[in-house]
Amino acid sequence: MSPAPQNYETATFTYSGSGDIVGGLVAATNTVVPATPAPSSASGCAATDFLPASATEPQVALIQRGTCTFAIKAANAIAAGYDAVIIFNEGNPGRTELVEGTLGAPVSVPVVGLS
């Protein structure tokens, strides 16, 4: 939403929940920007990486790819009450393109990847 709205290409993760979500974006902690030369982000890997989601307004968790599985990241966001999850690529060499992946088992909310 700031400084100006933009459209981004996304990819739906295998086993993602379905739906259209419009809500506030909340970044998980432990994001490493700028990225280090080797993967190092633990963003979303612990339940404590998320503020509790709003009980009244839809919210989307924004999580950086990194050192744990996509399933763990999504599960932690869902447990914190988020309505959808966006996992963006880490930004280090080999991890800048649109991130696509699997969650290993069905989840209850939409999960998409972002470059």
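1. Before anything else, a term: I call a residue buried when its relative accessible area is under 20%, exposed when over 50%, and partly exposed in between (1.4 Å probe, protein chains only). By that cut-off 4 of the 5 residues of β4 are buried, so β4 is largely enclosed by the rest of the structure. Strand and helix labels are DSSP runs numbered from the N terminus, with helices being H or I of at least four residues and strands E of at least two.

2. A word on what we are looking at. This is a predicted model, where local features need pLDDT of at least 70 and side-chain atom pairs count only at pLDDT 80 or more, while totals for chains, interfaces and linings use all residues. Residues are numbered from 1 along each chain as its sequence is written, and side-chain values use heavy atoms, with hydrogens and water left out.

3. Now the sheet. It is open, has 5 strands in the order β1-β5-β4-β3-β2, and its pairing is mixed; two strands count as paired if DSSP finds at least two bridges between them. β1 (10–12) and β2 sit at the edges, each pairing on one side only. From one strand to the next the twist averages 30 degrees, taken between N-to-C directions on a 0 to 180 degrees scale, with axes as lines fitted to C-alpha atoms (for helices, over the stretch in contact).

4. What about β3 (residues 59–64)? With 6 of its 6 residues buried, β3 is largely enclosed by the rest of the structure. Q59, A61 and I63 are buried on one side, and V60, L62 and Q64 are buried on the other. In general, side chains in a regular strand alternate between the two faces of the sheet.

5. β2 (residues 24–27) pairs with β3 in the parallel sense over 4 bridges, with G24 partnered by Q59 and V26 by A61. β4 (residues 84–88) also pairs with β3 in the parallel sense, over 5 bridges; there I63 stands opposite I87 and Q64 opposite F88. Going on from β4, 4 bridges join it in parallel to β5 (residues 111–114), where G113 is the bridge partner of I87.

6. In α1, F70, K73, A74, N76 and A77 are buried. They cover an arc of only 160 degrees, which puts them on the same side of α1; the arc is that of the directions from the helix axis to the C-beta atoms. The buried residues of α1 pack against β3, β4 and β5, and after the helix comes G81, whose phi is positive, near 100 degrees.

7. Which residues have the most contacts inside the largest nonpolar core? They are F50, I63, Y82 and V111, in a core of 18 residues; such a core is a set of buried Ala, Val, Leu, Ile, Met, Phe, Trp, Tyr and Cys residues joined through side-chain atoms within 4.5 Å. β3, α1 and β4 are the elements giving two or more residues to this core, and α1 gives the most, with 3 residues. Contact means heavy atoms within 4.5 Å, and F50 touches, among others, A61, I63, K73 and Y82, not counting residues up to four places away in sequence.
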